[in-house]
Amino acid sequence: QLGFENEKKELILAEVLFQDWALRDESLLVNKGEKEGVNQGDVAVVGDMYVGIVTEVYENNSKVRLPTSRASSLKVMILEKDIDFTNDNFEPANFLSGVAVGQANVLRIENIENRGSLEKGYVILTNDQKVGTYLYLGNVLTVDEDPTATLRSCSVELPIDYSNLKRVFIKKGGSI
């Protein structure tokens with residue numbers, strides 16, 4: 001991540017100081033704050049993976065809300081398995097829309113359009129204006145199929161084990 005020359009100016013390396021085990025996978029406390037230029041609404045990432053949004057900023061640290069938090073809600077797009085979203089010219093043409101909702105240590109995608117196929121392994125990216133860019137959120141783990149429902153939902157296989165996360169990058173420019 002530090003090798004991305006054009007992003008170096010807008011990335012702040014932060015160490016995870018604390019995760020409240022009573023509220024597991026709700027938020028992280030990181031060691032960068034106002035002094036280093038962190039603002040509410042900035043986005044925490046690891047590579048191209050979404051970690052969370054900065055919700056509180058103090059002089060020397062910040063709180064990052066994880067997507068598994070019950071207070072988290074993000075617009076997402078679901079794409080077929082073999083899509084390359086890492087190139088700069090990525091513009092998805094065919095995808096399913098949904099909303100990622102944290103549910104106490106797990107992440108679910110709700111309100112998925114009932115058109116097109118939805119299968120295990122499909123890629124889930126953020127496309128929420130709060131985040132401001134496409135970031136990887138995970139893969140479809142299981143699909144809840146109800147033939148009478150007008151919308152679908154699925155569970156998400158997360159790419160990051162938040163309880164073992166040691167460092168994140170704070171990307172400038174998100175907005176809450």
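This is a predicted model: local features need pLDDT of at least 70, side-chain atom pairs count only at pLDDT 80 or more; totals for chains, interfaces and linings use all residues.
Student: How many bridges join strand β1 to β12, and which residue is the bridge partner of Leu11 in β12?
Tutor: Strand β1 (residues 11-18) and β12 run antiparallel, and five bridges join them. Within β12, the residue paired with Leu11 is Lys171.

Student: Which residue in β12 stands opposite Ala44?
Tutor: Strand β3 also runs antiparallel to β12, and three bridges join these two strands. The residue of β12 that stands opposite Ala44 is Ile170.

Student: Which residues have the most contacts inside the largest nonpolar core?
Tutor: This core has 23 residues. The elements giving two or more residues to this core include β4 (49-57), β6 (73-79) and β7 (96-102). Apart from it lies another core of 17 residues, among them Val16 and Tyr162. In the largest core, the residues with the most contacts are Tyr50, Ile78, Ile109 and Ile124.

Student: Is Tyr122 buried or exposed, and at what relative accessibility?
Tutor: Tyr122 has its place in the loop between β8 (107-112) and β9 (123-126). Beyond its neighbours within four places in sequence, Tyr122 is in contact with residues including Ile78, Leu79, Gly138 and Val140. The cut-off for burial is under 20% relative accessible area. Tyr122 therefore counts as buried, at 6%.

Student: What is the distance of the polar contact between the side chains of Tyr122 and Ser117?
Tutor: Ser117 is among the residues in contact with Tyr122 when neighbours within four places in sequence are left aside. The polar contact joining the side chains of Tyr122 and Ser117 is 2.8 Å.

Student: Which backbone oxygen does the side chain of Ser62 reach?
Tutor: Ser62 is placed in strand β5 (residues 62-65). Ser62 counts as buried because its relative accessibility is 0%. Its contacts, leaving aside neighbours within four places in sequence, include Leu28, Val30, Lys32 and Val54. At 2.6 Å, the side chain of Ser62 reaches the backbone oxygen of Lys32.

Student: With which residue does Lys63 form a salt bridge?
Tutor: Lys63 is partly exposed, with a relative accessible area of 30%. The closest N and O atoms of the pair are 3.6 Å apart, and the partner is Glu56.

Student: Which residues do salt bridges that share partners join into one network?
Tutor: Arg108 is found in strand β8 and is buried, with a relative accessible area of 15%. Its side chain meets that of Glu110 in a salt bridge at 3.3 Å, N to O, and that of Asp144 in another at 2.1 Å. Asp144 lies in strand β10 and Arg108 in strand β8, so this pair ties together parts that are 36 residues apart in sequence. The residues joined into one network are Arg108, Glu110 and Asp144.

Student: What is the length of the polar contact between the side chains of Arg108 and Ser153?
Tutor: Not counting residues up to four places away in sequence, Arg108 touches Ser153, Cys154 and Ser155, among others. The polar contact between the side chains of Arg108 and Ser153 is 3.0 Å.

Definitions and conventions. Residues are numbered from 1 along each chain as its sequence is written. Side-chain values use heavy atoms; hydrogens and water are left out. Helices (H or I, at least four residues) and strands (E, at least two) are DSSP runs, numbered from the N terminus. Buried means under 20% relative accessible area, exposed over 50%, partly exposed in between (1.4 Å probe, protein chains only). Contact means heavy atoms within 4.5 Å. A polar contact is a pair of N or O atoms within 3.5 Å; within protein, one must be able to donate a hydrogen and the other to accept it, and residues adjacent in sequence count only if both atoms are side-chain atoms. A nonpolar core is a set of buried Ala, Val, Leu, Ile, Met, Phe, Trp, Tyr and Cys residues joined through side-chain atoms within 4.5 Å. Two strands pair if DSSP finds at least two bridges between them. A salt bridge is a side-chain nitrogen of Lys or Arg within 4 Å of a carboxyl oxygen of Asp or Glu.
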